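Visitor: Could you walk me through this one? I'd like to begin with the pockets and then move on to the strands.

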Amino acid sequence: MARPKGYDALTWKEAKAFSGRCARPEDVEAGDAVFALGDTHHGHPIDMGMPAAVIWYDEEEEFAAVVIQAEAHESQTGEELEVLGILLPRGRTAVAFMEDVEFVEETDHTWQALLEADLEEGEDEDEDEDDFDEGEYDPAEDDYDGDEDDDDDDLDDDEFDDEDDEFDDDEVFDDDDDDDDGQPDGKK
């Protein structure tokens with residue numbers, strides 16, 4: 001899949017938009033569309049000018065983004081879904097609902113600040129990547145999550161059964177024998 005180009009405050013209007021019809025999986029595979037919905041009904045493109053500058057609110061964060069795909073679909077329960085394919089400044093894409101974005105002018109100070117912060121963060125990541133040669137340990141690629149309880153080699157208490165003891169309780173030996181003959185006390 002071809003990855004879309006990123007953009008900055010001067011080039012965002014050059015982002016390639018997908019419009020005119022609902023996307024199919026092959027459009028996504030070719031990198032022409034961000035998403036293709038299959039389990040919906042009555043899909044149609046949303047008529048709007050694209051690319052369009054937006055602030056995307058995802059959980060507790062906000063991001064500068066550009067809408068490059070917009071479709072309306074009806075869910076299986078009859079709910080109308082307005083779904084957007086958005087492009088982030090460094091070329092990554094995401095899918096968002098219309099209610100999760102705020103359309104803004106390109107002169108919006110918040111959008112510009114978020115755009116600049118994302119691009120600066122990308123520069124920092126690029127510099128970090130250059131610090132490692134191939135074959136060296138790169139902490140950015142470390143998938144260790146700090147949870148040591150995930151180890152599959154840990155033994156569960158349920159795996160031991162008291163009935164499978166190797167010796168009976170009445171075969172207890174006294175290690176403190178006073179004799180040095182290797183036999184338990186009283187046995188010679």
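**A pocket, then the strands**

Guide: The second largest pocket has a volume of about 180 Å³. A pocket here is an open set of points on a 1 Å grid over the protein atoms alone where a 1.4 Å probe fits, with protein on both sides within 12 Å along at least five of seven lines, and lining residues have an atom within 4 Å of a point. Grid points are joined across faces, edges and corners, and the volume is the space filled by probe spheres set on the points.

Visitor: Which residues are the closest to its centre?

Guide: The second largest pocket is lined by 13 residues, and F63, R90, R92, D118 and E121 are the closest to its centre. The elements that give two or more residues to this lining are β3 and α2.

Visitor: What kind of model is this, and how is it numbered?

Guide: It is a predicted model, in which local features need pLDDT of at least 70 and side-chain atom pairs count only at pLDDT 80 or more, while totals for chains, interfaces and linings use all residues. Residues are numbered from 1 along each chain as its sequence is written, and side-chain values use heavy atoms, with hydrogens and water left out.

Visitor: What does the pLDDT average over the chain?

Guide: The chain averages a pLDDT of 78, and 64% of the residues score at least 70; pLDDT is the predictor's confidence in each residue, from 0 to 100. Over residues 150-178 the pLDDT is below 50, and this stretch has 13 contacts in the model beyond near neighbours in sequence, a contact being heavy atoms within 4.5 Å. The pLDDT also stays under 50 over residues 130-139, for which the model has four contacts beyond four places in sequence.

Visitor: How many helices and strands are there?

Guide: The chain has two helices and six strands, in the order α-β-β-β-β-β-β-α along the sequence. Helices (H or I, at least four residues) and strands (E, at least two) are DSSP runs, numbered from the N terminus.

Visitor: And which strands pair with β4?

Guide: β4 pairs with β3 in the antiparallel sense over eight bridges, and with β5 (residues 93-97), also in the antiparallel sense, over five bridges; two strands pair if DSSP finds at least two bridges between them. E71 has V83 in β4 as its bridge partner, while L87 stands opposite T93 in β5.

Visitor: What about the turns?

Guide: β3 and β4 form a hairpin with five residues between them, and G78 in that turn has a positive phi of about 90°. The hairpin of β4 and β5 has five residues between the strands, and there G91 takes a positive phi near 95°.

Visitor: Is β4 mostly covered or exposed?

Guide: β4 is mostly covered, with six of its eight residues buried. Buried means under 20% relative accessible area, exposed over 50%, and partly exposed in between (1.4 Å probe, protein chains only). I86 lies in β4, residues 80-87, and counts as buried because its relative accessibility is 0%.

Visitor: Let's turn to Q69: what does its side chain reach?

Guide: The side chain of Q69 reaches the backbone oxygen of F35 at 2.9 Å, and it makes a polar contact with the side chain of E71, also given as 2.9 Å. A polar contact is a pair of N or O atoms within 3.5 Å; within protein, one must be able to donate a hydrogen and the other to accept it, and residues adjacent in sequence count only if both atoms are side-chain atoms. Q69 is found in β3, residues 61-74, and counts as buried because its relative accessibility is 0%.

Visitor: Where is the cis peptide bond?

Guide: A cis peptide bond joins M50 and P51, with omega about 0°, and P51 lies in the loop between β1 (41-45) and β2 (52-58). Most residues other than glycine have a negative phi, and most peptide bonds are trans.

Visitor: Which phi value does H42 have?

Guide: Phi of H42 is near 55°, a positive value in a residue other than glycine; H42 is found in β1 and is exposed, with a relative accessible area of 63%. E59, in the loop between β2 and β3, has a positive phi of about 55° although it is not a glycine, and E59 is exposed, with a relative accessible area of 76%.
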